[in-house]
Amino acid sequence: MNKINIESFIIEAIQSVAPEIEKSNINRDEDIREECDLDSMDFINYLEALQESTQIMIRESDYPRLTTLTNAIAIIQDKSEATQS
Amino acid sequence: MTKSIDIAMPSLGADMTEGMLVEWLIKVGDKVKHGDVIAVLETQKGAIDMEAYHDGIVTEILVKPLNTFPVGKVLARLKEINSKHNLSQPNKTLVETIEKTHDTQKVKPIVKPVNQSKKNDIKKINKRFSRHRITASPIVRKAAKAHQIDLSIVSGSGFNGAIILKDITAVLNERNFKINIYTSDEKLANMRKIIALTMSESKKEIPHFYLSLNIPINKAQKWLQQTNQDKAPQEHILLIALLLKAVANTLEKYPRLNGFYRNDHFELAKNINIANVISLRSGGVLVPSISKVDQLSVRDIMQVLRGMTFRSRSIDRRERLRSSALSDASITIANMGERGVDRVFGIIYPPQVAIIGFGRINRVPQVCGEQINIGEQLNVCLSADHRVVDGMLGAKFLNSLAKKLQNPEQL
């Protein structure tokens, strides 16, 4: 998975709970929950969608890093590389 | 003698007068079980999965899809399943007519299951909330993107349900056929109308009184933290699930808050079915309910809630709520804490007699013996119908709820 792939998986996962959100609406370093008006239930559903599309295991300890687009891309990439090696 | 059971247009709330049958998911001769999804309805509240309320074999399908019927109109008939003799002969002519109607009008099944499978595989659709993985080739994905088709709503006819190009073409054809009788704007306007009607009726008829209590939830939060540690998102439990369970258990002790006021008298509800106010992103609210909450585990409640929220908020993407989720609530909960308000004074949804509002979690100084610690508390507000209960009972209820939340592991 490259960065562009990961980014589109993240955007799709956000759109699965907030269909009206476009990529351009998201400030990469702001908290997605505030940017996209996600409550905690939406956030859990977003994480599950992301886990399903990337096939990368997400655990509770990862949540804080999955709240901004920049960090989320980094953590999924790290995890994906770790799985491959 | 075998009992014949009518399947009628359900009433999904006191405000619903009619509904459109969009699609049958059963045919004559099919076996259905209580809770199976048998048809898709289009109502003012959006598309709804209609469930069977009895076990039986479908003996008659009396009406055709894409027609609107008043609440109570008999749409089909079942025969009770236990009798071994006299199995029904499918009424071929009727089935054919209906299938033909489908053909000529090019009505495609809106979701994947049932209609496409030859077998009566209704169980699949009944699986608890689960999102399917989409299998599609890059070409298909590209085509879908170009035509702005959401692949999650396309039924794949390829190997293992994979979406192939033909399926995309079918969706494009289908777009010419407008299956929703209400546009999103109309739905929203209808929803506003419904909210206006029921809330005005409530404020006119029901003498509300309000009691509120700040409940320490340090222990509940700690329990959640431990339970969620290192869990995957699909296993994550939110406070609201715990609150629902605590409310259900407390209602067992105070059943007078769980019921209906109709025709000048109160009747206890048979089950504890708790409705949960879900605000929609486009405005408006839906109030689906969870049945028999007292009999579910906290984990189960969380699972149902998650699915319910997802479905409610994605109605335009053809995820649908179940008919039972909109019809039989005995009490309602409104959780506004995450929206940054301290307390919620709810308006009772008639004919129910109480609504419970949860505010936000605040960090506060708490006196423990001779020490002051930082603790967390939640404001819970009970609005109740004074025709049915008095303040004393309401106060007891809130304090009992607070007590239950001090032992989250026992919920």
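This is a predicted model: local features need pLDDT of at least 70, side-chain atom pairs count only at pLDDT 80 or more; totals for chains, interfaces and linings use all residues.
Local features need pLDDT of at least 70 and side-chain atom pairs count only at pLDDT 80 or more, while totals for chains, interfaces and linings use all residues. Side-chain values use heavy atoms, without hydrogens and water; residues are numbered from 1 along each chain as its sequence is written, and chains are lettered from A in the order in which they are written.

**Helix pair**

- Helices here are DSSP runs of H or I with at least four residues, and strands are runs of E with at least two, numbered from the N terminus.
- The axes of α7 (residues 239-253) and α10 (residues 391-404) of chain B come within 9 Å and cross at roughly 130°; axes are lines fitted to C-alpha atoms, for helices over the stretch in contact, and angles run from 0 to 180 degrees between N-to-C directions.
- α7(B) and α10(B) are therefore oblique to each other, a class left over once angles under 35 degrees (roughly parallel), over 145 (roughly antiparallel) and 65 to 115 (roughly perpendicular) are set aside.

**Four-stranded sheet**

- An open, antiparallel sheet of chain B has four strands in the order β1-β8-β6-β3; strands pair if DSSP finds at least two bridges between them.
- β1 (4-8) and β3 (31-32) of chain B are at the edges with a single partner strand each, so one side of each has no neighbour in the sheet.
- Strands β6 (residues 56-61) and β8 (residues 74-80) of chain B run antiparallel and are joined by five bridges, with B:Ala76 of β8(B) as the bridge partner of B:Ile61.

- β17 (residues 331-335) and β18 (residues 354-368) of chain B pair in the parallel sense over four bridges.
- β18(B) pairs with β19 (residues 371-385) of chain B in the antiparallel sense over 13 bridges.
- Two residues separate the strands in the hairpin of β18(B) and β19(B), where B:Gly369 has a positive phi near 65°.
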